[in-house]
Amino acid sequence: MLGYLASAVKSEDYATLKLLNTYLGNGLSSRLFVELREKRGLAYDVSAFYPTRQSASTFAVYMGTAPENTAIAIAGLRGEVERLGTTTLTTQELQTAKNKLLGQYALGKQTNAQLSQIYGWYETLGLGIEFDNQFQQDVAAVTPDMAQAVANRYFSEPYVSLVGPAEVVGVTG
């Protein structure tokens with residue numbers, strides 16, 4: 001797992017980070033899944049997450065792989081994250097991620113129970129229910145240049161967490 005310090009929900013970068021999270025690690029068409037699992041066969045499981053927090057949050061990418069693939073897996077994860085800062089996403093890549101994020105967001109608000117949960121969450125975070133529309137507008141407004149700038153701002157030096165056999169993770173006696 002590679003983790004990066006990331007912004008709180010009230011940051012202007014929040015929607016862009018949510019979009020980058022979707023692009024990198026949400027589902028079978030995500031960048032991490034396609035590049036590291038499908039093309040390179042490195043992963044049992046691979047994804048990303050960026051939890052919504054009132055204070056600073058974390059942006060993490062992770063992979064389950066065979067112990068002998070540890071070094072190449074770390075390099076692969078890091079390469080895909082750092083690529084966001086060196087290679088501008090195409091308009092189509094960004095639009096696909098927007099469609100997925102906003103579509104899943106809409107699916108999470110189909111019942112009264114779902115609506116009350118999400119509106120209550122926004123109130124708890126001090127955002128107000130108007131955040132529901134604002135978030136969607138913010139996601140729609142993200143440009144490829146904005147995505148690259150945010151990636152450069154947050155994805156420089158990751159914290160690394162390894163779990164596995166002692167000889168792989170560097171633990172001794």
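"Buried" here means under 20% relative accessible area, "exposed" means over 50%, and "partly exposed" is in between (1.4 Å probe, protein chains only). Keep in mind that this is a predicted model, where local features need pLDDT of at least 70, side-chain atom pairs count only at pLDDT 80 or more, and totals for chains, interfaces and linings use all residues. Residues are numbered from 1 along each chain as its sequence is written, and side-chain values use heavy atoms, with hydrogens and water left out.

**The sheet**

- Helices (H or I, at least four residues) and strands (E, at least two) are DSSP runs, numbered from the N terminus.
- Four strands make an open sheet in the order 2-3-1-4, and their pairing is antiparallel. Two strands count as paired if DSSP finds at least two bridges between them.
- At the edges sit strand 2 (45-49) and strand 4 (159-160), each pairing on one side only.
- Strand 1 pairs with strand 3 (residues 57-64) in the antiparallel sense, over five bridges. In that pairing, Leu-5 has Thr-58 of strand 3 as its bridge partner.
- Two bridges join strand 1 to strand 4, and these strands run antiparallel. Here Gly-3 stands opposite Tyr-159, while Leu-2 stands opposite Val-160.
- A bit of background: strands of a sheet pair through backbone hydrogen bonds, either parallel or antiparallel.

**The nonpolar core**

- The largest nonpolar core has 44 residues. Such a core is a set of buried Ala, Val, Leu, Ile, Met, Phe, Trp, Tyr and Cys residues joined through side-chain atoms within 4.5 Å.
- Inside this core, the residues with the most contacts are Leu-20, Leu-24, Phe-59, Val-61 and Phe-155.
- Helix 1 gives the largest share of this core, with seven residues.
- Take Phe-59: leaving aside its neighbours within four places in sequence, its contacts (heavy atoms within 4.5 Å) include Leu-2, Tyr-4, Leu-17, Phe-49 and Phe-155.
- As a general point, nonpolar side chains in soluble globular proteins tend to be buried together.

**Helix 4, one face in and one face out**

- The buried residues of helix 4 are Leu-94, Ala-97, Lys-98, Leu-101 and Tyr-105. Looking down the axis of helix 4, you find these residues within an arc of 105°, so they line one face of the helix. That arc is taken from the directions from the helix axis to the C-beta atoms.
- Why do such patterns turn up? An α-helix has 3.6 residues a turn, so residues three or four places apart point the same way.
- On the face turned away from the buried side of helix 4, you'll find the exposed residues Gln-92 and Leu-107.
- The cover over the buried residues of helix 4 includes helix 1 (14-25), helix 5 (112-124), helix 6 (131-141) and helix 7 (144-154).

**Salt bridges**

- A salt bridge is a side-chain nitrogen of Lys or Arg within 4 Å of a carboxyl oxygen of Asp or Glu. The count by this rule is seven.
- Glu-80 and Arg-31 form one of them, at 2.6 Å from N to O. Glu-80 lies in helix 3 (residues 70-86) and Arg-31 in helix 2 (residues 31-39), so the pair ties together parts that are 49 residues apart in sequence.
- Glu-80 counts as buried at 9% relative accessibility, and Arg-31 is buried too, at 17%.
- Not counting residues up to four places away in sequence, Arg-31 touches Tyr-23, Leu-24, Leu-36, Glu-80 and Arg-83.
- Lys-39 and Glu-35 form another salt bridge, with their closest N and O atoms 2.9 Å apart. Both lie in helix 2, four residues apart, about one turn of the helix.
- Lys-39 is exposed at 59% relative accessible area, whereas Glu-35 is buried at 15%.
- In helix 3, Glu-82 and Arg-78 are four residues apart, separated by about one helical turn. Salt bridges that share partners join Arg-78, Glu-82 and Glu-157 into one network.
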